[in-house]
Amino acid sequence: MYRTHTCGELRIHNTGETVTLSGWVQKVRNLGAMSFIDIRDRYGITQLVVDENSATDVQQRASSLGREFVIQATGKVIERSSKNKNISTGDIEIAVNDLTILNASEVPPFTIEDNSDGGEELRMKYRYLDLRRNPLKKALELRHRMAQVVRNYLDKNGFMEIETPYLIGSTPEGARDFIVPSRMNPGEFYALPQSPQTFKQLLMVAGYDRYFQIVRCFRDEDLRADRQPEFTQIDCEMSFVDREDILGMFEGMAKELFKTVLGVDFAEQFPRMSYDEAMEKYGSDKPDIRFGMTITDITEEVKGRGFVVFDSVDYIGGICAEGCAGFTRKQIDALTEFVKRPQVGAKGLVYIRCEEGGKYKSSVDKFYSEDDLKVIADKANAKEGDLILILAGDKKKTLSALNDLRLEMGDQLGLRDSSKYSPLWVVDFPLLEWDEETKRFYAMHHPFTAPKPEDIELFEENPGSVRANAYDFVVNGTEIGGGSLRIFDSELQNKMFSILGFTKEEAERQFGFLMNAFKYGAPPHGGIAFGFDRFCSLFGGSESIRDYIAFPKNNSGRDVMSDSPSHVSQDQLDELNLKINITEK
């Protein structure tokens, strides 16, 4: 037996017991005749004591220890004279009478402590060492706990966990596929699934009316902090349901997670907001509703005054920053530079200060009288002491820039409290998006999303105005999940394929197996998928999902620890009938 207890288990009531612990050396303090050794495992840290009363060989081994040595120590639990309130075992220590070095360790490339001296790239290269640190341990413990709550909730509500294939056929919609060559079928390829979408629909056709899977998905796309080429979804589908059935079921799951994991209890129903309202008021389909400062359309109020910046565009919008009339010119100049960044895309910023005594001061006083400015302030619900910030341009781009400005102001004013959670459902998305470059419609979600029944008649005359029976779950400005009711009628599905530019032959080649299944009694069905990594990072209070994935990739899609992707041998390429042809970019 390597241990009788873990390193986080012993307490004052264990005093007098003889115990054996095994773990890694966190720290050694040699004080001449006495040595203190902190031994660590997944569960915590316990202090060991080796003194002049210990056997000579024990003292010798203790003096040879270094960080991250793996050791086994046996001794008696005694009460500490100098207690450590920062660790759970801080009231006791182990007087060691036997010490075994199970494995020596080289000096680690960075300190394995809560605040490490290792940079991100170095820590990712030695991820197995980074995972020994408490922040990552806590992140993975949180992920594990959330997974158990999800499984228990869905099992309690009649869902079956069913696995779907990882090697599937490639489809053209959505992000770029990872493809896998088939040795047994030369010249043909599998794709790794971007989601189990078609398979979970087939399970509904098969009669498994409540399916779920905590499943790995794959997308070959450009990366950032909250995106990985392989990621995990809580993937769910239900039959014989309408939108309210699905929202009610998975709002219940979210509430269970908040209550069980974070101790946050939501008694009221989560608010619902249409896509159109979200875009008009927040400039985003994933609005952060922890604070106000909503967008006001002031186009009609400001046009026709001779200010060419406003008169030459189709949209002018503003946000009211409460109590910010005292912002200095330097602060406003900084905001101007912020909105002019390429990633924000505005050309400039106009401001109006609402000063004492009903006075107004703006950067466009030359074109607008105080009465004009008052009309704008009234439209924006601004009062004395407030600051109105205004952007102008193409409507879609300007709303997006106003969203960025709103979030920046929220950060500057401390309104985006990470300890506060404001969930909502965004509903009634457009079914289709028009692409000017290719001159065709694309599915905003995927080709199987059902339109709202009352909009089906618009397919012929105005497809761009058709709304999807789709919904996103948003928390604190982050999309955590999304889904829709599905098309289950072959005729309607064929109409959808036609609008998306598929020929009958292309649709049959790509999705024939699903269309054939629909001929055999497909039930009404719908579902949702939650980004599990992102859900975990939200609960952990982090901007990045990497800490909640045991072995993540970097921004280039590389695993620097295992040095992948990597080259394969010529023999492997020959077996797959592949030739490498790399062209200069």
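The chain holds 17 helices and 22 strands. The model is a predicted one. Along the principal axes, the C-alpha atoms fill a box of roughly 95 × 75 × 55 Å. Of the 585 residues in the chain, 47% are buried.

Helix α16 spans residues 532-540. Seven of its nine residues are buried, so the helix is largely enclosed by the rest of the structure. The buried residues are F532, D533, F535, C536, S537, L538 and F539. Just after α16 comes G541, which takes a positive phi of about 75 degrees.

C536, one of the buried residues of α16, has a relative accessibility of 0%. A disulfide is a covalent bond between the sulfur atoms of two cysteines. The cut-off applied to such a pair of sulfur atoms is 2.5 Å. A search of the whole structure finds zero disulfides. C354 is likewise in no disulfide. The nearest cysteine sulfur to C354 is that of C320, at 6.3 Å. C354 counts as buried, with a relative accessibility of 3%.

The surface carries a patch of negative charge. The patch gathers E355, E356, E370, D371 and E384. Among these residues, E356 sits in a loop between two strands, β14 (350-355) and β15 (359-362). E356 counts as exposed, at 66% relative accessibility.

Opposite charges were examined next. Side chains of opposite charge can pair when their charged atoms come close. The count of salt bridges comes to 44. One of them joins R151 and E161, with the closest N and O atoms 2.9 Å apart. R151 lies in helix α4 (residues 134-156) and E161 in strand β6 (residues 160-161), so this pair ties together parts that are ten residues apart in sequence. R151 counts as partly exposed at 27% relative accessibility, and E161 counts as partly exposed at 40%.

A further salt bridge links K395 with E280. Here the closest N and O atoms are 2.7 Å apart. K395 belongs to helix α12 (residues 395-412) and E280 to helix α7 (residues 275-282), so the bridge ties together parts that are 115 residues apart in sequence. K395 is partly exposed, with a relative accessible area of 31%. E280 is also partly exposed, at 33% relative accessibility.

K439 and E436 form another salt bridge. Their closest N and O atoms are 2.5 Å apart. Both residues, K439 and E436, are exposed. Salt bridges that share partners also join R243, E244, R272, D428 and K452 into one network.

Technical notes: Residues numbered from 1 in each chain as written. Predicted model: local features only at pLDDT ≥ 70, side-chain atom pairs only at ≥ 80, totals over all residues. Heavy atoms only, no water. Buried < 20%, exposed > 50% of the residue type's maximum accessible area, 1.4 Å probe, protein only. Patch = residues over 30% accessible without salt bridge, like charges linked within 9 Å, V, L, I, M, F, W, Y side chains within 5 Å. Areas by Shrake-Rupley, 256 points an atom, 1.4 Å probe, with all protein chains shown as cover. Salt bridge = Lys/Arg side-chain N within 4 Å of Asp/Glu carboxyl O. Lys, Arg positive; Asp, Glu negative; His and termini not counted. Charge placed at Lys NZ, Arg CZ, Asp CG, Glu CD. Helix = DSSP H or I, 4+ residues; strand = E, 2+ residues; numbered from the N terminus.
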